[in-house]
Amino acid sequence: SGDAGTYQCVVSNASGTVKSRKATVKVLVYTVSYDANGGKGEPPQDINKYAKGDKIEVQGKYGLSKDGHEFDGWKASTDGRDYDPGDNKYIMTNKSVTFTAKWKKKIKNWNVTYTSDDPDFPINKTIEVNDNEEIRLIDIPYSAEELYEKGKYCNGWYNKKEGNSIVWGPGNKFTITQHVTFVADIQPND
C-alpha cells in the first residue's frame, strides 16, 4: 500500500554514482467504499488505501436500515459476489471496489388464534402464518356428541373483530393480512 503517483527510481552506489538509467515506477492504490442502496443511515467508511492483492475485511452495516427489509450483506462491484460483514475473503483487484448493501424483504408473520368463550369447552390454539397466506378454518376440537352431552352445539367460528354476526364453518378459506382471532360459536341447546 502507499500513495498513488508516478515515481522515478534511480540506483546509485555508496558514493552516489548513478549505476542505472532512470526508470519510472507508477504506484497504484485503490479504495473501498460502501453504498447504502436505499437504506437509511451512513454506510461504513474505509479511509485506507489498498494495493492489488491486499485482503479487505468487509465492514458491518453500522446502523443502516431500510423500512420493511433486513440487511443481507454486501455485493462487490468488481466481482459481483456476495460478502458478509467480517469476511476477509475479498482480494483487491486492479480497481477500486464499492460494496453495495443487499436488502431482503421482511416477511410479516401473523398469528391466527382459535379460542372459545365457553368454560366447558376451552380452546386455545395459535398458529403463525405468512402475510397474505391463505388458510382454512380448523375443525372444532370437540365432537357434536361431546357438545350435546353438555346441552350445547357449535355453529362454527366467528371473527372477534367483526363480532359474532357472521359465523363460518370449518374449511372456509381466509387470506391473512393481520392478526386474527376466531372464536368458537358455542350455543346452548334450547
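Four strands form an open sheet in the order E3-E8-E5-E6, and the pairing within it is mixed. Its edge strands are E3 and strand E6 (82-83), each of which pairs on one side only. Strands here are DSSP runs of E of at least two residues, numbered from the N terminus, and two strands pair if DSSP finds at least two bridges between them. The model is predicted: local features need pLDDT of at least 70, side-chain atom pairs count only at pLDDT 80 or more, and totals for chains, interfaces and linings use all residues. Residues are numbered from 1 along each chain as its sequence is written, and side-chain values use heavy atoms, with hydrogens and water left out.

Strands of a sheet pair through backbone hydrogen bonds, either parallel or antiparallel. Trp 74 has Ala 101 of E8 as its bridge partner, and Glu 70 stands opposite Lys 104 in E8.

Lys 102 is also found in strand E8. Is this residue, Lys 102, buried or exposed? Lys 102 counts as buried because its relative accessible area is 18%, and buried means under 20% relative accessible area, exposed over 50%, and partly exposed in between (1.4 Å probe, protein chains only). The side chain of Lys 102 makes a polar contact of 2.9 Å with the side chain of Asp 82. A polar contact is a pair of N or O atoms within 3.5 Å; within protein, one must be able to donate a hydrogen and the other to accept it, and residues adjacent in sequence count only if both atoms are side-chain atoms. When neighbours within four places in sequence are left aside, the residues in contact with Lys 102 (heavy atoms within 4.5 Å) are Glu 70, Phe 71, Asp 72, Gly 73, Trp 74, Lys 75 and Asp 82.

Aromatic residues are the next topic. A pair of aromatic rings is described by the distance of the centres and the angle of the planes. Rings of Phe, Tyr and Trp (its six-membered ring) pair if their centres lie within 6.5 Å; planes under 30 degrees apart count as stacked, over 60 as edge-to-face and the rest as tilted. The structure holds 13 aromatic pairs. In one of them, the rings of Tyr 83 and Tyr 90 have centres 5.6 Å apart and planes at 80°, so the pair is edge-to-face. Both residues are buried, Tyr 83 with a relative accessible area of 2% and Tyr 90 with 1%. Tyr 114 and Trp 157 form another edge-to-face pair, at 4.9 Å centre to centre and 65° between the planes. This pair links distant parts of the chain, since Tyr 114 lies in strand E9 and Trp 157 in strand E12 (residues 152-159), 43 residues apart. Tyr 114 is buried at 0% relative accessibility, and Trp 157 is buried with a relative accessible area of 0%. One aromatic cluster is formed by Tyr 34, Phe 71, Trp 74, Tyr 83, Tyr 90, Phe 99 and Trp 103.

Strand E9 (residues 109-116) runs antiparallel to E10, and 7 bridges join the two. There, Thr 113 stands opposite Thr 126 in E10.

Phe 174 has its place in strand E14 (residues 173-176) and counts as buried at 18% relative accessibility. The C-alpha atoms of Phe 174 and Ile 135 are separated by 5.4 Å, although these residues are 39 apart along the chain.

Two loop residues complete the tour. Most residues other than glycine have a negative phi. Asn 37, in the loop between E3 and strand E4 (55-56), has a positive phi of about 50°. Asn 37 counts as partly exposed, at 36% relative accessibility. Asn 132 lies in the loop between E10 and strand E11 (133-136), and its phi is near 65°, also a positive value.
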